[in-house]
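Q: I'm new to reading protein models and would like to learn by asking. Can you walk me through this one, feature by feature?

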Amino acid sequence: MAEQAQFEELARQLSAVGAVKRDLGRILPPDCPTGSAAVLTLLGRHGDMRMSKLAELLAVDMSVTSRHVAHVAARGWIERLPDPADRRSRILRLTPSGLAQLDELSRRTTHLLAERLADWTDDEVGQLIRLMTRLRDSFGDCRSVPVRHGFAVAPVLEETTRTPAST
């Protein structure tokens, strides 16, 4: 097992990941703030879902989720369909426009990561992915399921919805 000093350094390094998250947030289109990007990312990853499930995945209150959903719906990126199992509920689904926006988010994220990690080897990037996946698994992250629709927008964008500035 690692020594106490190693865990303390790991805690410092994880805190410093905030700078990476901020840079990823800065590359978002002006009409797609981090909360909206997280909604699109989760719908792209998990598929159609109720707002309650989305709130759970975002780890935010329903009122915050509702604001994010209203924003992406107003831009035509998602549609709210009646839930056949419960007509009082709505199912959220990405529209073709939403898929295009998600593709743009993925392109921007990939470009920034490729730019910032240009001096890393493929093996180093692979090692980071494996270790971050293992770290998330150790914490039981419910979002660590296979990617759907082929999009892998940085999970960092999902986490930014927890910051006070976006609530």
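Q: Let's begin with Ala59. Where in the chain does Ala59 sit?
A: In this predicted model, Ala59 belongs to the loop between helix 3 and helix 4.

Q: And what is the phi of Ala59?
A: The general idea goes like this: most residues other than glycine have a negative phi. Ala59 has a phi near 60 degrees, which is positive even though the residue isn't a glycine.

Q: Is Ala59 buried, exposed or partly exposed?
A: You read that from relative accessible area: under 20% is buried, over 50% is exposed, and what lies in between is partly exposed. Ala59 has 42%, so it counts as partly exposed.

Q: Let's zoom out. How many helices and strands does the protein chain have?
A: There are seven helices and three strands. If you follow the sequence along, the pattern reads α-α-β-α-α-β-β-α-α-α.

Q: How much of the protein chain is buried?
A: The chain has 167 residues, and 34% of them count as buried. As for the surface, the chain exposes about 10,100 Å², with carbon and sulfur atoms supplying 56% of that.

Q: How do I read contacts along the chain?
A: Look at how far apart the partners are in sequence. Take the contacts with a separation of 6 or more: residues 24 or more positions apart account for 61% of them.

Q: Which residues touch the most other members of the largest nonpolar core?
A: A nonpolar core is built from buried residues joined through side-chain atoms within 4.5 Å. The largest one here has 22 residues, and Leu40, Leu43, Leu54, Leu58, Ile78 and Leu105 are those touching the most other members. At least two core residues come from each of helix 2 (34–46), helix 3 (51–58), helix 4 (62–74), strand 3 (86–94) and helix 5 (96–116). Helix 2 gives the most, with six residues.

Q: What does Leu40 touch, not counting residues up to four places away in sequence?
A: With those set aside, Leu40 touches Cys32, Val72, Trp77, Ile78, Leu94, Gln101, Leu102 and Leu105.

Q: Is Thr95 buried or exposed?
A: Thr95 is in the loop between strand 3 and helix 5. Its relative accessible area is 11%, so Thr95 is buried. Leave aside neighbours within four places in sequence, and Thr95 is in contact with Gly76, Trp77, Ile78 and Glu79.

Q: How many salt bridges are there?
A: To spot one, look for a side-chain nitrogen of Lys or Arg within 4 Å of a carboxyl oxygen of Asp or Glu. That rule gives a count of 10 salt bridges.

Q: Which parts of the chain does the pair Asp48 and Arg93 link?
A: These two form a salt bridge whose closest N and O atoms are 2.7 Å apart. The pair links distant parts of the chain, with Asp48 in the loop between helix 2 and strand 1 (49–50) and Arg93 in strand 3, 45 residues apart. Asp48 is partly exposed at 38% relative accessibility, and Arg93 is partly exposed at 32%.

Q: Where do Glu56 and Lys53 lie?
A: Both are in helix 3, three residues apart, or about one turn of the helix.

Q: Which residues make the nonpolar surface patch of about 820 Å²?
A: A patch like this collects residues with over 30% relative accessible area. Here the members are Met1, Phe7, Leu10, Leu14, Val17, Val20, Leu135 and Phe139. Helix 1 (residues 4–26) gives the most to the patch, with five residues. Take Val20, in helix 1: at 41% relative accessibility, Val20 counts as partly exposed.

Q: Last one: how many residues does helix 6 have?
A: Helix 6 (residues 122–138) has 17 residues, and from first C-alpha to last it reaches 24 Å, close to the 24 Å expected at 1.5 Å a residue. After helix 6 comes Gly140, with a positive phi near 70 degrees.

Terms used:
Residues numbered from 1 in each chain as written. Predicted model: local features only at pLDDT ≥ 70, side-chain atom pairs only at ≥ 80, totals over all residues. Heavy atoms only, no water. Patch = residues over 30% accessible without salt bridge, like charges linked within 9 Å, V, L, I, M, F, W, Y side chains within 5 Å. Areas by Shrake-Rupley, 256 points an atom, 1.4 Å probe, with all protein chains shown as cover. Helix = DSSP H or I, 4+ residues; strand = E, 2+ residues; numbered from the N terminus. Buried < 20%, exposed > 50% of the residue type's maximum accessible area, 1.4 Å probe, protein only. Contact = heavy atoms within 4.5 Å. Expected span 1.5 Å × (residues − 1).
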